[in-house]
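Student: Could you walk me through reading a few features of a model, starting with how a helix sits among its neighbours?
Tutor: Gladly; let's look at it together.

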Amino acid sequence: MKKLAAILALVLALSLAIAPAYAEDPFGKYDPPITVHFVRDTDDTLDANFFSQHPDKTMTDNLWTDLYRDELGIIVEYDWIVKGGDEYDQKLNIALATGDIPEFVSLTALQVKQLAEAGMIQPLDEVYEKYAAPLTKEMLMCTGTAPFDAVTFDGKLYALPEVDSTLMLADVIWIRVDWLEKLGLEIPKTMDDLMNVMEAFVNADFDGNGVKDTIGMGISKDLWAGLFGLRGFFNAFGAFPTIWHEDAEGNLVYGSTTPETKTALAKLNEMFQKGYIDPEFGVKTGGKVAESTTADKCGILYGAQWNSIYPLQSSYDLTGANWQAIPIVSATGAPVKAQTEIGTVGWVVARHDVEHPEALVKLFNMFLEKNWGETNENGVYYAPLDSESIWKLSPVVPTYPDKNIDAFLALEEARATGDTSKVTGEAYSILKKLEAFESGSEDGFAMWGWERIYGANGAYGVLADYQAAGLLQDEMFVGAPTETMTERMTTLEAMQDEVFTKIILGEAPVDDFDKFVEDFYKLGGAEITAEVNEWYQSVK
């Protein structure tokens, strides 16, 4: 027995020696290190900008992977990395369908529910409560419980939300003010004004090639994207496609099915007939439309505040184009409400057999601390002078939701008082970029996009006005995906986008919208609407 006990003791000692030891605290380091696996996409702001400026950096070897390895003992590896958009979605969908999911991956709330029901991911309640730093809990709750509610099933939390600002998702109009000046036109104030500007831009022949090849308004095949999308255009008509909002009776309605949406579609078809819209938009990605923009072929687009950094910075670099963000103009005479969504870019899950799910919480802790905590180095890890994309190199990107508006307001106060001594953190990093631009230096030339967001006439001034005037229409269904949503919503959304695109292109009559609404409710929309309103009544 003594010999057996000794052997068991030796085995236990060896197992403890082999297993990584770590302090059970939010920033405890694994020793020896552990390796965690993610998958991810990449985009043009990284491929075309960051890596060209930093050829010594890669997705798997950079300051973020170094930080996680050195400070936490977590080695980050990727099972695969592909271009964002369709390529990423297709590869991820195949992985999810075959059960070949990575250890950690960011998903939609609907995908989280499907994997939770299939037993393919594990609850994260206990590790979140045990390992989340106070700052992490504070930041992830900034927008309320909605990001957690969306991925809580049977009382268990199945994912960590990568929260973001809802305000920054609201659309603005980006317009070529240098073209306006050339034509002696003023900034449009109404939809009729905007149509007149499009007509003038299309016929101006700015490049002098004698060909009518200017696009009135840039649109991509992704109708609801934050770049070259149409959310803001629909909002001008009082329509809020893809989100749930209150109707006149106080019930929630799916915004894509309302009469205002049909009116906006009819206007888009009219614009297509007049040649204001690229006839090939239905097959063009945002990257392809960006090529037209940087080639001086487009002067108006709807999109997010960050569009000046990509792709409009390149438009400025190559041609000196001067773009400015302006508010969404009204098509009805009523003030326009800009729609937003749940301020969450994704929900990160842990596969059912991951040995160290708490590693995910530690990555969240470190990302938030390094960018916005008491020991933050925001000017190194998030917004250094020479890069606007370095934060994207982290496999997790939870964000302080109010960071952008807070930075803008701090800069506004500094502009008003002339005192920059109180500008700190991320606002200070942005201040340095604005000062570089104003200096006229070679480095400052690349800061034009930042000035267009945070300058005195920047995009955040437009968003701040939306907020101050109460002109935001939030997504009002913020619960977990309903049972019928899980089964039918993806199909219904695909049908919606196909019908809307055909109507805009004139391949289907505008009245096909009515058939779409009928089919939407017949094929599951009625059940989803009932489920959504049952939830809404329970939380009102």
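Student: Which elements do the buried residues of H21 pack against?
Tutor: In this predicted model, contact means heavy atoms within 4.5 Å. By that reading, the buried residues of H21 pack against strands E7 (172-176), E11 (323-326), E12 (338-339) and E14 (472-473), along with helices H17 (403-417) and H20 (448-454).

Student: How many of the 10 residues of helix H21 are buried?
Tutor: Buried means under 20% relative accessible area. Seven of the 10 residues in H21 (residues 459-468) are buried, so this helix is largely enclosed by the rest of the structure. The buried residues are Ala-459, Tyr-460, Gly-461, Val-462, Leu-463, Ala-464 and Tyr-466. Follow the chain just past H21 and you find Gly-470 with a positive phi of about 70°.

Student: Now a loop residue: is Thr-214 buried or exposed?
Tutor: Thr-214 lies in the loop between helix H10 (191-204) and helix H11 (231-235). Its relative accessibility is 8%, so Thr-214 counts as buried. Leaving aside residues up to four places away in sequence, Thr-214 touches Trp-179, Phe-201, Val-202 and Lys-297.

Student: And on the surface, which residues gather in a patch of negative charge?
Tutor: Asp and Glu count as negative. Here the patch brings together Glu-117, Asp-154, Glu-483 and Glu-487.

Student: Where is Glu-483 found, and is Glu-483 buried or exposed?
Tutor: Glu-483 belongs to helix H22 (residues 483-505). Exposed means over 50% relative accessible area; Glu-483 has 55%, so it is exposed.

Key
Residues numbered from 1 in each chain as written. Predicted model: local features only at pLDDT ≥ 70, side-chain atom pairs only at ≥ 80, totals over all residues. Heavy atoms only, no water. Patch = residues over 30% accessible without salt bridge, like charges linked within 9 Å, V, L, I, M, F, W, Y side chains within 5 Å. Areas by Shrake-Rupley, 256 points an atom, 1.4 Å probe, with all protein chains shown as cover. Salt bridge = Lys/Arg side-chain N within 4 Å of Asp/Glu carboxyl O. Charge placed at Lys NZ, Arg CZ, Asp CG, Glu CD. Helix = DSSP H or I, 4+ residues; strand = E, 2+ residues; numbered from the N terminus. Buried < 20%, exposed > 50% of the residue type's maximum accessible area, 1.4 Å probe, protein only.
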